[in-house]
Structures are given as structure tokens and as C-alpha cells.
Amino acid sequence: MRKVVNFVIDKKYVMLALFILSAVVCVFLSSKVNINYDISHYLPESSDVNKGLEIMEKEFPSDESSFYMMFDDLKDEERSTIPEEIRNIPDVKSVDYDASEKYNIENHTLYKVTVNGDADSDTASSAYQEITKKYKDYKPKTSGDVSERNKEVLPKYVLVAAVAFGTVILIIMCNSVVEVFLFLFTILIAVLINKGTNIMFSSVSNITDSISAILQLALSMDYSIMLMNRFNQAREKEKDITKAMKDALYSAVTSITSSSITTVVGLLALIFMSFTIGRDLGLVLAKGVLCSLIATFFVLPGLILIFHKAIDKTRKKVPTVKMDKLARFSYRFRFVLLPLFVIIFVASFFLKGSLNIGFLETSGDEVFRVFTKENEIAVVYNNQDEDKIKAISGELASNQELTSVMCYGNTIDRELKYNEMNGQFKMLGANTEIEDYLLRIIYYKCHTNETNTIDIASLFQFIQDVVYQNPTYPIDAKTKEQVTALSVFANKDFINQPRSAQEIAAITGMEEMQISALIAQYNTLSGNATSETGADQISIKTIVDFLCNVVIQQPEYSSMFDDASKTRLMGLQEIMNDVQNDTKLSSQELMDLLAKLTQDVDPSMIEIVYLFYGSCYEYDENWTMTIEGLVTYLNQDVLQDSRFDSLIQDERRAEVAAAGEMILGAKRLLVGQNYSRMIITSNMSSEGEDVTTFVSQLKESLKDTDSYIIGNSPMAIEIDEDFDDELNLITILTMAFIFIVVALTFSSNIVPVALVLTIQCSVFTTMGILSLLGTRVYFISLLVVQAVLMGATIDYAIVYTTYYLEHRKKVDIKEAMIQAYNRSIHTIVTSSLILCSCTLIVALFTSAASAKICETIAEGAFCSTLLIIFVLPGVLASIDKIITLKEKNKAASKKAQ
């Protein structure tokens, strides 16, 4: 060891250059470390949620992500213009907003922005940065996956504030101002190396990344102080600065290493968690402590030697607190403090059982403090279970706490009546709406293959009573005029009513003299002296029949009619015969008939009218179609049918095409190659009895299916189920590891019991106080505080106990307590102040998980410090006979010899 120490001191410039170079390289490497924001990534392999997530990621690879933006005090016109402005930003897919309370509460306005690329992509990040930059003057609040990936979890100003506060404490408590900055420079190198070497891991959680630097500073500053103290002590005996440092470093290696080992083993206990964020936290933080240890040994000695003159010039007095009174008090009430400690331990142990533990950290979400955040749960299920899932979705639809339940079976593949179809379009987000009459026509066409027949009278009556009255049905004036002219011949009463020659001439357009001659001829041939009514009157049908059956059949009269006139007469006769006989005609038969009367009647119009008629009078209300089937039928059949050109304009065709793409996109979101998913949204809180009960019931419903429930709530419930065991495991392991280290340090079995139980009591006390206050504690905070307090603050207890046992060899209990108090208080207070203040500042000025973890550490460190100062000395004094028995036996043995 001496050779190593000599090498480090003699090559101090080489060491310093090497570590600075390493730190610079690690600055570059740290930017390449993969930061993971998804806590579900750390679920154990046996986790059902984890299995479901793996299937979902494989079956439904994401190509988009979203975030929320909340603005305050927008003007009315800005509320409507901002969404359009955001949509015009590159890589923005959509912006959800409407005037409802869902997006507007008091002076707050919410937008949901969907962008291209998953939340971790450069594309999503670029879009987010562009949007937030554009509206930075509005100071909007953001939330969601993309926001979390692009926000600073620990803003630089908070880190600077924490370091600055720690620096102030060090300046006050240390012998020299210069040595403080040497300590900080050493820690900075260690922090940079630790962050850079995180590249060895496949990823590091954002929680770990955000708190590792500040915890590394707080947990390992002691090492620099301890080395500096050793150096000052060595200088009192050795005037040669270099030799003094060699002696100091050699003598400090054991104590500093021992101190760091307690911290490292406490942190490494986290790696035994099945929830592997413990491994993530434990490895990174333990590595950070080791980096600080190495930097203290290899960098700080050289810095002290280089700047020792500046250190000497800036020496000052440090505040000292005489602890004699507290020592005497602790001695006097030592036999009270022991049972008091037991009471505190037992009471806090039971109190912690009612602690409100949270498994999802949402308290820092400023957006959803205002707006209700929908709780989304997904069920990933085997495609073969589609029918079962469809039935389950139907049962869930009656649950009033759910806002929507979507799966392939109850959305895209749901059989819908025509009047339900538009609602389904809207629910799926399609920007189209098809008129009800047109939907009925499409349904009718799909289910009948256009085989209907209609009698002419009913058809023309339908046109007048229904078609003309529908303002959305396209019919031009000329067609309307033709139909109106023809419709008179579709009325039995009209065609059979006796009329004068003058009336018939007005209706047919023939000359009155011709009509009179025809009537006379008809009467003569039929043997009638007069007309049907006893006067010169005849019905239109009779005169047309006479013309067709008699007149144009005679050669002398036939030549008076051209072929077109003959055809029209024959067509008119056929129409009136069909009307008279109530003959039902197909659309083709009617068109063939009307073709004899006019060339201007549009066949498409007739066919569509037939479909329209059938959709009104021959419709089966039980007919259904799926939305996927409808869109496919529209695109492959209806829109290719020229007859619908007049009913479906270009704009509507574009909407239908877009709806088709949307439906296909929705199907891709719900149906994978082997697995599909059901998406359930509700206003239930992410954690709580209501959602736990719901997930439990959902699991029961799905027990006969190959399925997995995923989402934040199922993940929280799953973690909760194993958390007590996890926390107990970490508690036992940290206590066992630290016990072994302390036992080896003191060569005693009793001392480590007292020290370990004291620190564990501080953990329980922290949890008990939080329980009494009703504070919600993030579960990771408890795991970290257990490891950190047991690993770090036990050093404070070791410092006091070491001094107590050393002085106890020479003086009585009371004097040993006084000396131990006075010798250890400066180290304990300095170290605890740094740990508490740095973590508290992070807790006060950041949000989400990192704040909760640091807040709990600060509270725990404070409790631990109080117990070590006010309780531990009395406890040790009360069991003095036991802990000093070994030394007494040694002394007696020597005396006997």
C-alpha cells in the first residue's frame, strides 16, 4: 500500500491530468447514454404487464406520440387559431381541441398534440421543441410522453443552487475556503466519470440519471473532509508537506474505504429487487460512490499539495459547539433513553403500516392538476379470442365509470344499423357524415342487389311526395318538369276521366279539331251516337287506345303519323295500361318504356329513385353492416357506380376515401398479426380502490382468454402486490450487509446491533411521521431512503461510536460521552447538513419522482441525525458494560499475564 501511496503522490500531475482527461471524455460519453423514461421497462420478466407490453410493442409498433399543452388566459380568437397554427408545424399529425369543458376550464385551455415518431424519437423531439419555442411567451405547461422526454428532469439552476448551498455549508464548516473548492472539483471529476461510464449499461432510468449527481455529492463529500483532516493531523507531526500527505493518505485509506463500503453495500442491496429499477439505482449510485472514493485517493491529494499555500492563506476559524451539556443530559437519562428508543422503534414500525404509498408519480403534473386525466388501460389478447373479447366489451359498456371501450369487435367489426353508422364514424374520429337517406339507399343496395319492382302510380307518387321534399336530393329543374309532365299519366282517375276535345287538346298538345274528329270517328266505329257521357267527351286512355289500336293501324291514317309519334303513342298507351292494371315494373322495364316517350330521361336517376323507393318501403330494419364493410363497399362499389355521381359530390368522395384510410389505420391500431387489443378509458384515478377493484374484475372476466392487461394502473397494482416483500427484502439485506461491515469494523456483535437498529429506527420513524401526516410517498423513495440512510448515515453513528470506544478505554462513561460528542459533532453536522440541504433543494424546485425521492431522503437523513445525536449516545451508555466487556476481558488477561 505504501508503494501505491508513494506513486500517487509522486505522480500527482500525471494523476490529475489523467483524471481530467477521463472526465472530459466522459462528458462526451454521457451524452450517448440511453436514458429510459418508461418505468415499465423495469418490471420483472415474470410480470404479466411486462409480457403484455412485449407483445404490444411487437404487434403494434408506434409511429406517433402525443403530449398536452395547457395555456392560460387565451383570448377567444386565440383558442381557435392556435390549433391551426400548431397543425402547420412540421411533423404535427393532429391537434385535438373543441369548445367543451374537456378542453376548457376557467381561464385554462388544453390542446392534445399528436406528432410523428415515438416519444423517444428525434422527430417527436424536434416537433415538441418547435412548438414550445413558438409559444414560449405564453408560458404553456406541458405533459405527456413527449413532454417527459424533452423536459429537464433536474434543471441546471436547481443543481447549481444545491451545489451552492452545499458550498456555503462547507465554507462555514471547513478550515479553509480554498479546500472547499478542491473538494468540489474532486467530486465534479467523479460525477462526470460516473455519468460517462453509465454508457456501459443498456439504459439508465431518468430517475437515476436525475438524482445520481446530487446524491453522489451528498454521500461522498465526507471522504474529502476525512482526508483533509488526516492531512492536517499529519502536518502537526511532519513539516515536509509531501511526506505529510503520504502519511495522511496511507492512514486514511482504511477509514475512508470502510466508510464508503457501508454506503456501497447499502446501495448494492437494491440490485436484489425483482423490480429492476432497484438494480439501476443501486449500480449507478454505488458506482458513483466508488468513483468519488477513487477520485479522493488519486486526485485530491495532488490538488491539496499543489494549492497548500493557498489553503494556508485562507485558513479561518470554524464554528464549534460545546456538547458537554447534551452529553451530561444523555448520560443522566441513559436508562430512560434506551426504553424510549425501543418505544420509538416499535411505534414507528406499526405506524409505517398505514403509510400511503404511491406507485405512479403524478403530483408534479401541472396540466392534470387542472384537467381530468383519462386513465387508459389496454387488454392485449389472442386474435382467436375475438368473440369472447367482443362479449366482454359489451358487458363493460354498461359500466358508468368507463368513458369508452374500444376493440375490433365493438368498433370496426361491430354490426350497425344505418342510423348508428354516423355515430361510429364520429367515435372513431372520421371527419365525414353521410345523409341518413343515402345510408339507407346504400344498405338497401348492398342487401337486395336492386331487384325491386314498383307500379308506376306508386313510383310517381313517391317522387312527388318524398323525392321532391328532400332538400338534399339532387334533381334538376328540367328533370323535375319532365317527371311532372309524365306523372299525370300515372293517375288512374286522371286517365279515365271523360274530357272534352278542348281539354284533351290542352293536355296532349294536339289540335282541338283533330281531337273532335277522332272522338266522332270513335263514336261511329263503336256504334255510339254520342260520347261516353252522352256528350262529345272521352277519356285520355280511350282516345290513346283508339289511336293505337285503330287509327294508326289503318293505312290511310297511319301515314299521317311519323314513326316517333307512333312510338310515343304506343309508349303512352303502355304506361296507361300498366297504370290501369297496377303492373309492377323493374327500373329497366320502366326506362325502356319511358324511352318511347322521351330521350331526356336519365336512366341513372330512375335507378337511384328505385333504390330510394326500396330503401323507404322495402327496408328491413334489421339490416346491419360493419363500418369496415361499409367503407369497403363504398370505395369498391358505390363510388365506382356512376349512378351515384349526382348524390355523392367530389368533396364527400374525398371524405369517404379519408375515412377509409382512417378505418384501416384504426384497424392497425387494434388488430395485430397474432394479437389484438382492447382499449379502455375512464375517469377513475390511476391508483385507488376503485381502479384496483375494476382491474380485479377485468382479470376475472378474462381468465378464459389468452390475454394481458397493461397500463399504468395495472402496473401499479402489480408492483403493489409485491412491494411489501420487496421492501422487507431490501430492509433485511441492508441491515445484514451493514451489520457485517460494522461488526468487522468494531470486532463486536453488540455495537453493530445498536448502530444498525438506530438507523433502521430512523427509517421507520420517517415512514411513521409521513403516515401520521397523511403524506403520499412514492414507492421508489422508500427503497432508496432505506438503502441510502442505512448505507450513508450509519457513518455518523460509526464516527461517534469510534470516538466513544476510544475514550472509554481511558475515562469513565460520562467523560467518554463528552469527548465523543465534541470530537464527532462537527463531522456529523457538516455531512448531514450537506445531505439534507442538497436533497431538500432538489425536492423543492423540481417535480415528479426525483423530487419525491430527494424529499424523503432529506426527511430521513434529518430523523437519522436526530436519533444519532440525541438517542444513540444514551443507548450506548446504557449498554456500556456489554459493549466494553471484551476490552475489559483483554485488559484483565494482560494484567493476569
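Helices (H or I, at least four residues) and strands (E, at least two) are DSSP runs, numbered from the N terminus. The model is predicted, so local features need pLDDT of at least 70, side-chain atom pairs count only at pLDDT 80 or more, and totals for chains, interfaces and linings use all residues. Residues are numbered from 1 along each chain as its sequence is written, and side-chain values use heavy atoms, leaving out hydrogens and water.

Helix H31 spans residues 689–701. Its 13 residues reach 18 Å from first C-alpha to last, close to the 18 Å expected at 1.5 Å a residue. That expected span is 1.5 Å times one less than the number of residues. Val691, Phe694, Val695 and Leu698 of H31 are buried (under 20% relative accessible area; exposed is over 50%, partly exposed in between; 1.4 Å probe, protein chains only). Seen down the axis of H31, the buried residues fall within an arc of 95 degrees, so they line one face. The arc is taken from the directions from the helix axis to the C-beta atoms. These residues pack against several elements, including strand E9 (375–382) and helix H32 (712–746). Contact here means heavy atoms within 4.5 Å.

Helix H20 (residues 477–487) buries Thr479, Gln482, Val483, Leu486 and Ser487. They fall within an arc of 135 degrees down the axis of H20, so they line one face. The face turned away carries exposed Ala477, Lys478 and Glu481. The buried residues of H20 pack against helices H19 (456–467), H27 (587–594) and H28 (603–617).

Strands E2 (residues 64–72) and E5 (residues 108–116) run antiparallel, joined by 9 bridges. Pairing requires at least two DSSP bridges between two strands. Asp72 has His108 in E5 as its bridge partner.
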